[in-house]
Amino acid sequence: MSIPYRNLMLFAGVAVLYAATAMIYGWNLTLAIVNMALIGAIMALGVNMQWGYAGLFNIGVMGFVALGGLAAVVVSMPPVPEAWAAGGMGVILGLLIGAATVIAAMMIWARMPKGRARGVLVAGVLLAGFFLFRAVFDPATAAVEAVNPAGTGYLGGMGLPVLLAWPAGGVLAAGAAWLIGKTALGLRSDYLAIATLGISEIVIAVLKNEDWLARGVKNVTGIPRPWPVPYEVALQQRPGFGDWASGLGFDPATASSIIVKLGYAGLFLVVILVIVVALELALKSPWGRMMRAIRDNEVAAAAMGKDVTARHLQVFVLGSAIVGVAGAMMTTLDGQLTPGSYQPLRFTFLVWVMVVVGGSGNNWGSVLGGLLIWWLWVMVEPLGLAVMQAVTAGMADGHWLKAHLLDSAAHMRLLTMGVLLLVVLRFSPRGLIPEK
Amino acid sequence: MDFLNGLVTFLNFVFIPGAAYGAQLALGALGVTLVYGILRFSNFAHGDTMAFGTAATILVTWGLTGLGVSFGSLPTALLALPAGIAITAALVLATDRMVYRFYRRVKAAPVVLVMVSMGVMFVMNALTRFFPGIGVNDINFADGGRFIIGVREFREMTGLQEGLAIRTTQAITLVVAAVAVALLFWFLNRTRTGKSMRAFSDNEDLALLSGINPERVVAVTWILVAALATTAGVLYGLDKSFKAFTYFQLLLPIFASAVVGGLGNPLGAIAGGFVIAFSEVTVTYAWKRVLTWWLPERWAPDSLVQLLGTDYKFAVSFAILVIVLLFRPTGIFRGKSL
Amino acid sequence: MAEPFLIGEAMTGGYGGADILHGCTIAVEPGEIAVIVGPNGAGKSTAMKAIFGMLRLRKGRVRLAGEDITGLTPQARVLRGMGFVPQTSNIFTSMTVEENLEMGAFIRRDDFQDTMAQVYELFPILKDKRSQPAGELSGGQRQQVAVGRALMTQPKVLMLDEPTAGVSPIVMDELFDRIIEVARSGISILMVEQNARQALEIADKGYVLVQGANRFTDTGAALLADPEVRRSFLGG
């Protein structure tokens, strides 16, 4: 795998940006940006798979990210035995009733002859199932949520190592993607976009409102760290750590924080490498060639006997799974799940900017885009403020325009990202690292 | 009497709010469907076009009230609406010129235009927030009279135990939406320019052969879209309140309305708006109060009889959208898709 | 010989790739019916589109009433008095018959009620169905709408791309009768036809194209009488 000189220079350029940031703001902050940028790069890899490989437009990235976050909670948090005793079985039974209702309705729909009787029966089954579901489910969740609401009030997780949550997040996101893909693929391309927009809003609504699942807006905090990332306090208490840190010119708190972030960065880099290598191999395989053939000419590919919709479903599910993995990683990094913090602008659209700017269809482009755009997203605000301060320097303090302009700096990110996206799409639609 | 009390409760909490919301969605969906019919892509910037138009109208409203102008018992924002529309029209025309026109020339795939509209959405959202005094604040700009009929007046008038309140903003929503829709249909069906738009949407090549100027059609479309979006946004903002980022969330019900009715079909957009709105309100309303009046005492419900929590209203739009996509992707009224 | 009213002379070109037309010449005089026939893939429709400016010519000129219009867009040619009825998608299906005619007259700023009355006179059935969506009409009626739409600009030349494709023989005969009527009013007709025999019967001039070049050119009657034309192109 030879990487052209130009691409190496681009990555070197991004490295310089980060190094310069470290000079000004210190390594601690810079590494925090790096870690989020790596996660952004993974999300971009997933979206690039959908868009770059297959031309599928997923505008619900946020939902898949949040599902990954949910996986982190469900896998790694300790179970709450009292809550399970109070309503665990009821919740599970309720969910089973719900699933059984939907499956029964689908089977009736598939088996029965077309006609009024079928419609009535399906509606009846759905309605009856819904009320039965509510009758079992509601008291159970109420009981679960009543158990120590200030501390837990949810079922807890499985108490497994959080690293397992990363693939689990992928599986969860893949499941949701399969449902959406089954519905909306094979129709006009816009419909998939609208459907994904919908599912992501619903995932967030579920996370915010189903307290029994992950405490809703009360947030789950204290998600355990993955092996081998240590805790800062434990590091600082190690004998000799303080001396070692000051020997390097850091105070112990900063040094421990940097080491923790380096630990995460190491893990994330491993994940990125695995995904990129797998994706590159896939792209060069017959499968990858077929995907691109389908993307470039769906009609011709269909005429050659390729099942376009099935291939699209496959790539949509896989891409969403990668996004789900990234979502689980992000929640692990944060150590908490905060459903209120999921904003479409921040997750869905920013990831799209990463993909487009980096270069649609190129995995290295997505990685570059992730690193560059996340840096920009973080730095635009201080840079914008600096610009505004320079602009308003001549104005009298207290002038309304000055105050307004300074306030507006906070919104510079949106403008910058939007303009950047439009400019790249218009003048360099192939991005920084074009598809080979 | 019990039946009437139940009916009044139903009207007060389900029908009237649903109708007002439906009218707002219908206006929004009309804008989406026009862009789809003429420019042939799903405009994800529509929610933020609505937000921009509303913010512009609010600024003009503030200017007017600052000058001491008011509209009696009606909100001043109605006076400011034409100015808001003009500002928004200027913005979308400039956007078309700087952004979309290029992709029309190169005959880009619809999905590329969808993505471009996402970039436009970013920029419009930022521009909205740049307006002085708008930012991310929660703004209530409905002045004038609050109610046409208040709960107590209604009770005194009718002697019923339940009251019916009709807020000014709800009545205004319905009246303004009806006028806007009537004007739109008159324009599309009766004027030469409107007919040329329909011709362009129906068969672009033949429209070109007939000497219809595509750039003019597109420009007129954007002006109509700006008018519809601003009106929808202002009505929604008057009825609820205005926040720069909530309008993005209206995209889902608006798209659902447009798809349910058949993308590209204006009549369908209106029907879809009401279908979505009434479904949303019906499913998320706690029916206990109505049912207590309507059912014999023995059957009176203990629970709230609320099918879904109000936070799941998106799920309603989404479920309807999915059902339509599964069973009738072209929508109830057969849009021009597929 | 005097210059023909409309002539596409020695046209060579195609849709970007290989040339489809190779030095093909088509001409028509006022009030005359010229028919282009030939086997599939001979470039009949392409020749028509080239004359109407829908593809770029590498060589050759198109002249209308002595004026070189080679560089003009199709829209500009409509303004110069050319009308074109495409083979497919030639009506606005969601609009009423009358609206279709109005759209045909879109470039006219004067009163076009007389022209519309003439079209209704020519195609009486359209008058009965004028408030029906054109998409709901039968195949033959749709073709009448399509021709009527093109006539609304009062063209001097009417170009028809396979107007009888997919209609029954009876409807075809009726359409041809109407086309003759149009020609009698002084409008030149240039038409591509699959039904070569019937078309040549009404043609003042016939062009037999093979592989983008003129093979035979004569009056319709003469071509019908030519044994070689009959054997190769008219099935004996």
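## Exercises on a predicted three-chain model

P228(A) sits in the loop that connects strand 1 (220-221) with helix 9 (232-237) of chain A.

**Exercise 1. Determine which kind of peptide bond joins W227(A) and P228(A).**

Solution. Begin with the location, which for P228(A) is the loop between strand 1 and helix 9 of chain A. Then read the omega angle of the bond between W227(A) and P228(A), which is about 0°, and the peptide bond is accordingly cis.

**Exercise 2. Classify K107(B) and Q154(C) as buried, partly exposed or exposed, and describe the backbone at each.**

Solution. Take K107(B) to start with: this residue belongs to the loop between helix 3 (77-105) and helix 4 (110-130) of chain B, and its phi is near 50°, a positive value in a residue that is not glycine. Counting C-beta neighbours inside 10 Å gives 6 for K107(B), and because 12 or fewer means exposed, K107(B) is exposed.

**Exercise 3. Decide whether chain B is as compact as a globular protein of its length.**

Solution. Chain B contains 14 helices and 2 strands. Its radius of gyration is 21 Å, close to the 20 Å that the globule rule gives for 338 residues, and therefore chain B is as compact as a globular protein of that length. The C-alpha trace of chain B spans about 70 × 55 × 35 Å along its principal axes. As for the interior, 51% of the 338 residues of chain B count as buried. Finally, among contacts in chain B with a separation of 6 or more, 75% come from residues 24 or more positions apart.

**Exercise 4. Describe the side of chain C that touches chain B.**

Solution. Count the partners: 17 residues of chain C are in contact with 13 residues of chain B. Next, find the elements involved, which include helix 2 (74-79) and helix 3 (97-104) of chain C, each supplying at least two residues of that side.

**Exercise 5. Find where T88(C) lies and how far it is from A199(C).**

Solution. T88(C) is part of the loop between strand 6 (82-85) and helix 3 of chain C. T88(C) has 10 other C-beta atoms within 10 Å, so this residue is exposed. From T88(C) to A199(C) there are 111 residues in sequence and 19 Å in space, C-alpha to C-alpha.

Note on methods: Residues are numbered from 1 along each chain as its sequence is written. Chains are lettered from A and ligands numbered from 1 in the order in which they are written. This is a predicted model: local features need pLDDT of at least 70, side-chain atom pairs count only at pLDDT 80 or more; totals for chains, interfaces and linings use all residues. Two residues are in contact if their C-beta atoms, placed from the backbone, lie within 7 Å. Helices (H or I, at least four residues) and strands (E, at least two) are DSSP runs, numbered from the N terminus. A residue is buried if 20 or more other C-beta atoms lie within 10 Å of its own, exposed if 12 or fewer, and partly exposed in between; C-beta atoms are placed from the backbone. The radius of gyration is taken over C-alpha atoms; the globule rule is 2.2 Å times the number of residues to the power 0.38.
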